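Here are a few friendly notes to read alongside the structure.

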Amino acid sequence: MPPSDNILLDLPGFKIVDVIGNNKITLRVDFEGEIKCPYCLSSRLRVKDSFIRRVRHVLYGQRPSWLELKAHKYCCRGCGKYFNSKFPGIKPRMRATEPCRFEVTKLHHNGWTQRSLSQHIGLGSATVERWYQDRFVVKNKELQNAHCPRVIGIDEHFFTRKQGYATTVADLTRHKVFDVVLGRSEPSLRPFCRKLIGKDKVRVVVMDLSETYRSISKKHFSNALIVADRFHVIRLVNQQFIKTWGELDEVGRRHRGLLSLMRRHPDRMREDQRANLNKYLNEIPGLKTIYMFWQDLNRLLRMKRLNQSQCRKIIPEYLWMIEELKKIGFKHLQTLGHTLESWREEIARMFRFSKTNGITEGLHNKMEMISRRAYGFRNFENYRLRVRVLCS
Ligand SMILES: [Zn+2]
């Protein structure tokens, strides 16, 4: 058999006998491979019947093609069982070859709509959708029984108005989604956590300051260290300080320009901006002290990848700050002090660790695009299937 037939057909073991038609190509092929009994692997067979199988094949220069091949019904002389001939790349009862299904799925995935595909190659749009979904099911099966990653990030994201939130479990070392689960409460996550394989090998769990996730993690990932997520901690600190600023100066708080100055990183400020901010801080009594404290706290929280001795130096400063916050006479800062105290261990681990849930937030962005592309999902399982296949 010349190798060119293999390359042309993208299927092993076939020989092209005839090519018919111009716009719609029919390739008459012969199968030259050996046929064996699927039950006892004997090759002593008797032909009982013959028939022509016509299956859709790949596009040739944008033209659809079909394969026509002779198939047989055999009787095995070894075990006496009957079977129809099986060909590589063509599954039983399918009316298209595997390369064809793969090609159509790929085109659809890369932006060809079902409508344009069905107009161009004369395939029903329901068929395109079915093939596309079949592909996801196959890919998803490959992902089943996967072991739980050692560094995971847990975060919530919005799914639908009817079904509410979903929880993402991300693999932070490989920057991939491990799984998504509907709901964000302990009862809704319990069945998922129970079934996880290798959860005792999880070393680190990164999460925002959510009490539910902390208790879930303590219960199900007993060997893991919980690390607070830097992004969420700093966001919380900023929110509470801005609220306190609002208590001191209601009008200034609503000023867009001042808000942008107050939130800006001191190193990223121009000279005139710094002067403006200083002028404003001196106008409101007490605001400058709070601002300085806020910037100190943020500087501390931004530290990462420290070694043990460096951590030992900054932890007393951090604990002192918490105590000061609790003593301050502003209610938002007191709340912040209590929150930081209850999470002090998780936050202290943040100094040594560099991974954050920024990776998970990035994956949320991608997941939102998957949802938008499908014009939203109603069925969570369908959504989960796509997220697992496309983000992992
Ligand atoms: Zn047999």
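Before the points, one definition: helix axes are lines fitted to C-alpha atoms over the stretch in contact, and angles run from 0 to 180 degrees between N-to-C directions. Please also keep in mind that this is a predicted model.

1. **Overall layout.** The domain assignment divides the chain into domain 1 (1-94), domain 2 (96-144), domain 3 (151-228 + 356-390) and domain 4 (230-350). Taken over C-alpha atoms, the centres of domain 1 and domain 4 are 72 Å apart.

2. **Helix 7 with helix 13.** How are these two helices arranged, roughly parallel or roughly antiparallel? Helix 7 (residues 230-248) packs on helix 13 (residues 331-342) at about 160°, and their axes lie 8 Å apart. Angles over 145 degrees count as roughly antiparallel, so helix 7 is roughly antiparallel to helix 13. The crossing of helix 7 past helix 13 is left-handed. On the helix 7 side the contact includes Val-233, Leu-236, Phe-241 and Glu-247, while helix 13 contributes residues including Lys-331, His-332, Leu-336 and Leu-340. Sorted by class, the contact of helix 7 with helix 13 holds seven nonpolar, four polar and three charged residues.

3. **Helix 10 with helix 11.** Helix 10 (residues 271-283) and helix 11 (residues 287-301) have axes that come within 7 Å and cross at roughly 125°. The two helices, helix 10 and helix 11, are therefore oblique to each other. Leu-277, Asn-278, Tyr-280, Leu-281 and Asn-282 of helix 10 make the contact with Leu-287, Lys-288 and Tyr-291 of helix 11. Five of the residues in the contact of helix 10 with helix 11 are nonpolar, two are polar and one is charged.

4. **Helix 15 with helix 16.** The angle between helix 15 (residues 358-373) and helix 16 (residues 380-390) is about 130°, with 10 Å between their axes. That angle makes helix 15 oblique to helix 16. Helix 15 passes helix 16 in a right-handed crossing. Here Lys-366, Met-367, Ile-370 and Ser-371 of helix 15 meet Tyr-383, Arg-386, Val-387 and Leu-390 of helix 16. The contact of helix 15 with helix 16 comprises five nonpolar, one polar and two charged residues.

5. **Strand 2 and its partners.** Strand 1 (residues 14-20) pairs with strand 2 (residues 25-31) in the antiparallel sense over six bridges. In this pair Asp-18 stands opposite Arg-28 in strand 2. Four residues lie between the strands in the hairpin of strand 1 and strand 2, where Gly-21 takes a positive phi near 90°. Strand 2 also pairs with strand 4 (residues 63-76), in the parallel sense and over five bridges. There, Arg-28 stands opposite Glu-68 in strand 4.

Notes. Residues numbered from 1 in each chain as written. Predicted model: local features only at pLDDT ≥ 70, side-chain atom pairs only at ≥ 80, totals over all residues. Heavy atoms only, no water. Parallel < 35°, antiparallel > 145°, perpendicular 65-115°, else oblique. Left-handed = near helix turned anticlockwise from the far one by under 90°. Contact = heavy atoms within 4.5 Å. Nonpolar A, V, L, I, M, F, W, Y, C, P; charged D, E, K, R; others polar. Domains from an automatic or database assignment. Pairing = 2+ DSSP bridges.
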